[in-house]
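Welcome, and please open your viewer. This short tour goes from stop to stop, saying what to select and what is there.

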Amino acid sequence: MDSGIIPMWQPLCLSGLLGFVVAASLLGLTRRFRSIVQPWVVRRVQSDLPLILKIQRWQHRYLDVFFSVISCLVSVPFYTGFIPILFWSGHSKLARQVSLLMAFCDYIGNAIKDAISAPRPSCPPVRRVTATEDEKENAMEYGLPSSHALNTVCLAGYLLHYALTTYGHEMDGFRVLIGFSLVFLLVSLIGLGRIYLGMHSFIDVGAGITMGLVVLAFWLIVHDHIDNFLTSGQNVTSFCAGLSFVLLFAYPTPEAPTPSFEYHTAFSGVAFGLVSGIQQTYLLFHSEDIPRIFSPELSILVFFARLLAGIPTILIVKFCSKALSKWLLPVICNTLGIPIRSSCYIPALKESDSSKNKSDNKQIGYLQRAISFLPHKTYDVDTGIRFLQYAGLGWSVSDLVPYLFTRLSLS
């Protein structure tokens, strides 16, 4: 648990990452990387168009519905329900690992997308099916790699690994084969569905699956070390806060704005909130000794009661965190002299040409000179608001709601 002692490797890690961010900015690494990779990817996407159109000849409303539904298995609404269910059903270690793995996958996938900035298949001639608002936002992102393919490989692969390591002694070879077959089938259907729906080309899906396998292999090497650090390490919350802050600046700038950075911010906020909550309540609510669902201590009726109490609570906390952040962050930034704007959350802070010129001529105060290491530009306060509201959501899942369960005799 946190003890206030700062291990040497933590500041070295953060300073090294910050140094890379500064060097990448000065050398224009993103722009150089994009100039090399993007033309090749664009040619591959264009060459895949005939195959995509052949697949879309199977067009049928039932296929539209089927592939749209299975695409929701790795969507934001899915994670919003799936992660709390894992925590509140007693599988806390699995929930911790899945949450952090998905945040890691989201950052890697979206950062590569925006670094390359390769387009999706052209529509038309490709028919693009966006049945949900979530899919409409996904269509605004760049193409390579397919986040759905990457996340499916990592999520399904890790769940299979967890089942084999936890219950492997109860499984024979046939059941293990069924597990691998189901994972292979799910990944194949997700990949085929992204192509059928017109959301990705073959190169996008192939890159997503390949990156997913690499990320999964890496995670299986380090996941125990990460879990030990989260549950019994030193200075965990402060280090994660610093890491989240640096990663915001490490994110590459795309050719055109996309929702990808917003997704990363939300996932990072959830991960930070979960970590901060676990640090406070590990022995009470998240150790390996807590009861699991279907055990005598946690019946299915008690579990459903937990859901009925927990889901509304985390949604209320998310709303309150957003409202508090919208009021507090602009006050803090103005006090420190940090120039800010808002793209959507605070209409009064939406930037215009006149306000931009006015801010350029504004005298720099003492506090702003004290933080003059920041680049002289306006910062989107929506990023901080989004991070804090999802951090509140994550904290409520791992700290507030389990405490509420004890007060309601649901623990």
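A few words come first: a residue is called buried under 20% relative accessible area, exposed over 50%, and partly exposed in between, using a 1.4 Å probe and protein chains only. The model is predicted, so to read it note that local features need pLDDT of at least 70 and side-chain atom pairs count only at pLDDT 80 or more, while totals for chains, interfaces and linings use all residues. Residues are numbered from 1 along each chain as its sequence is written, and side-chain values use heavy atoms, with hydrogens and water left out.

**Stop one: a salt bridge across the chain**

Select arginine 127, which counts as partly exposed because its relative accessibility is 23%. Aspartate 64 sits in helix 4 (residues 61-71) and arginine 127 in the loop between helix 6 and helix 7, so the pair, 63 residues apart, links distant parts of the chain. Here a salt bridge is a side-chain nitrogen of Lys or Arg within 4 Å of a carboxyl oxygen of Asp or Glu. Helices are DSSP runs of H or I with at least four residues, numbered from the N terminus.

How many salt bridges does a search of the whole structure find? The count is seven.

Select aspartate 227 and arginine 96 next; their closest N and O atoms are 2.7 Å apart in a salt bridge. This pair also links distant parts of the chain, with aspartate 227 in helix 10 (residues 202-232) and arginine 96 in helix 6, 131 residues apart. Are these two residues buried or exposed? Both aspartate 227 and arginine 96 are buried.

Move on to glutamate 288 and arginine 292, whose side chains meet in a salt bridge at 3.3 Å, N to O. Glutamate 288 is partly exposed, as its relative accessible area is 44%, and arginine 292 is partly exposed too, at 25%. Then select Lys113, Arg120 and Glu141 together to see a network of salt bridges.

**Stop three: helix 6 again**

Select aspartate 106 in helix 6. With 8% relative accessibility, aspartate 106 counts as buried.

**Stop four: the empty spaces**

Rolling a probe the size of a water molecule over the atoms shows where empty space is left. The structure holds five cavities of 30 Å³ or more, and about 180 Å³ of space lies in the largest cavity. To find the largest cavity, select Val74, Asn138, Ser147, His148 and Asn151, the closest to its centre of the 18 residues that line it. Helix 5 (76-88), helix 6 (92-116), helix 7 (133-138), helix 8 (147-167) and helix 12 (260-286) each supply at least two lining residues.

**Last stop: a nonpolar patch**

Select Leu18, Phe20, Val22, Leu26, Leu27 and Leu29, which make a nonpolar surface patch of about 590 Å². Helix 1 (residues 9-27) gives the largest share of the patch, five residues. Phenylalanine 20 lies in helix 1 and counts as partly exposed because its relative accessibility is 48%.

Notes. Patches are made of residues with over 30% relative accessible area and no salt bridge: like charges are joined within 9 Å, nonpolar side chains (Val, Leu, Ile, Met, Phe, Trp, Tyr) within 5 Å. Accessible areas come from the Shrake-Rupley method with a 1.4 Å probe; for residues, only the protein chains shown count as cover. On a 1 Å grid over the protein atoms alone, a cavity is a set of points where a 1.4 Å probe fits but cannot get out, and a pocket is an open set with protein on both sides within 12 Å along at least five of seven lines; lining residues have an atom within 4 Å of a point. Grid points are joined across faces, edges and corners, and a volume is the space filled by probe spheres set on the points.
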